[in-house]
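Me: Can we go through this one together? I'll ask, you answer.
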Protein chains: 2
Amino acid sequence: MSQHRHPGAPGRAGAVPALPDLPEATVARLPEYLRALHNLAETGHETVSSEGLANAAGVNSAKLRKDLSQLGSYGTRGVGYDVGLLIDQIEYVLGLTQRRAVALVGVGNLGHALAGYDGFASRGFRIAALLDADQERVGEEINGLVVQHIDELPRVAAEESIAIGVIATPAAAAQRVADQLVAVGVTSILNFAPCVLSVPEGVDVRKVDLAIELQILSFHEHRKASLTALPAAGGSALTALPGGLAVTESQEAIGT
Amino acid sequence: MSQHRHPGAPGRAGAVPALPDLPEATVARLPEYLRALHNLAETGHETVSSEGLANAAGVNSAKLRKDLSQLGSYGTRGVGYDVGLLIDQIEYVLGLTQRRAVALVGVGNLGHALAGYDGFASRGFRIAALLDADQERVGEEINGLVVQHIDELPRVAAEESIAIGVIATPAAAAQRVADQLVAVGVTSILNFAPCVLSVPEGVDVRKVDLAIELQILSFHEHRKASLTALPAAGGSALTALPGGLAVTESQEAIGT
DNA sequence: TAGATTGTTAATCGATTAACAATC
DNA sequence: TAGATTGTTAATCGATTAACAATC
């Protein structure tokens, strides 16, 4: 093409950052590529081929090249991709050049663990506030943060510029918390409560439901069992497992 | 694997349980329908229309009818679906008529929370064993279960008929744990470690990565910000949020 | 019968993939 | 130049959706 444009890439001042409107499936895979690239960087790799990165991320190489081509043209034919450049580019697109502040609501069993999860800090986020509706829990200190009452949310949101709300309350409380988050201007919510949330247009909600993941696996267990239970039907069942290793496609399925 | 008979689907006594090969997108939504149906049953509803159930599950009604039609024909035209019958049918298809035993490996921060998560027990699963490679943690009691050393896995798997393995170890340990699970015959794995696992064909892996969920939200935050940063472009931006509520489509996206 | 709602069709949309020309 | 690998094309596959005939 004419030249390598870095649309609003790090270092570009002035121009409006024209963020490409990526397919959702691509967006969901970029973080996986990013993680693989960080691993490669740590082990001293300066370039990587689409084949190599695809293996590290558990996808096929055509899909990887297609995904990366949506960001622009950052590879070199005959050589591969520059690991550092690609990290910068993906981090830029994902909006990770700023460390976003997260408010975690609900400091029960799961919320407690999330508050202590260092994977958030190491991958671009800062847990800026812990909130709970239970006065019993207010004042408790977890990982250097003091739990505050949910009614403090308006003040906290303003002070900390909360960008993302994480809901780890029981299902019965989740909608009310979502409403409160929306009311203070939060437009991105990660919901761990097993319920559907209603939010206005323009607010993004992602849901993680641990029991649902197990139920999906249960279906496949059930299905595999029903196949091996048909011995008369002959050859084509899954009974004989080949010894070779392969990355199962289902590993990509989450978060899509 | 085929140690005992599946209770036949309602209405199909005697016949081989011919489990339909459902589209993955449908499988991923069935647990959400099931949860919504349980809510309806608890609030005294005996029947529900596709419109009503679709609202409760956060999907559109055409999709819901299409999904349910894959299971067979369990609705009544002009009336709707029988809540109890549909619960039985979905639970059968998902293999939830037996309570599956789960082994949880890695009892650190997150694993601790998972061990105490009552959503597993209430939705068809039994945490049958807690395992860890760290001798310091062996012997600790969590929620009535004593943490055992990972080397006990072969014995535990045989004694408890483990159907699903949950990996909540650091990334560096996850592949080795997966190999150990596969070696004792586990064919379904839920992986919370931020890494790709290699497993033989026939083994299903699902991955939950909390930081990836935040990074996907971060992309959308970044994108929304880049849109509102274009004031000259006039009318069509997302700045003016309509007051009406709507269930965002992105809520369905996980686990697909 | 009249009204309601399912189950199915068919059009459309989006995602995946193999293949290969472009090009380093 | 010869070999390697990207970026793109086009075919295919799977998922979504509106519309409506079937039917309770």
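Me: Which oxygen of DNA strand C lies 3.1 Å from a backbone N or O atom of B:Gly78?
Reply: A sugar or linking oxygen. A polar contact here is a pair of N or O atoms within 3.5 Å; within protein, one must be able to donate a hydrogen and the other to accept it, and residues adjacent in sequence count only if both atoms are side-chain atoms.

Me: Before more of that, what are the ground rules?
Reply: This is a predicted model: local features need pLDDT of at least 70, side-chain atom pairs need pLDDT 80 or more, and totals for chains, interfaces and linings use all residues. Residues are numbered from 1 along each chain as written, chains are lettered from A and ligands numbered from 1 in written order, and side-chain values use heavy atoms, without hydrogens and water.

Me: Back to DNA strand C. How many residues surround it, and which are closest?
Reply: 26 residues surround DNA strand C, and A:Arg29, A:Arg77, B:Ser50, B:Ser73 and B:Tyr81 are the closest. Near means a heavy atom within 4 Å. Sugar and phosphate make up 67% of the atoms of DNA strand C within 4 Å of the protein.

Me: What does the side chain of A:Lys63 reach on DNA strand C?
Reply: A phosphate oxygen, 3.4 Å from a polar side-chain atom of A:Lys63.

Me: Which helix gives the most to the surface near DNA strand C?
Reply: H3(A), with 4 residues. Helices (H or I, at least four residues) and strands (E, at least two) are DSSP runs, numbered from the N terminus.

Me: Now DNA strand D. Which base atom does A:Arg77 approach?
Reply: A base oxygen, 3.0 Å from a polar side-chain atom of A:Arg77. For B:Arg77, a polar side-chain atom lies 2.9 Å from a base nitrogen of DNA strand D. The side chain of A:Arg65 has an N or O atom 3.0 Å from a base nitrogen of DNA strand D.

Me: And what supplies the largest share of the surface near DNA strand D?
Reply: H3(B), with 4 residues.

Me: New topic. At what angle do H1 and H3 of chain B pack?
Reply: About 100°, with the axes 11 Å apart. Axes are lines fitted to C-alpha atoms, for helices over the stretch in contact, and angles run from 0 to 180 degrees between N-to-C directions. H1(B) and H3(B) are therefore roughly perpendicular, a label for 65 to 115 degrees; under 35 is roughly parallel, over 145 roughly antiparallel, the rest oblique.
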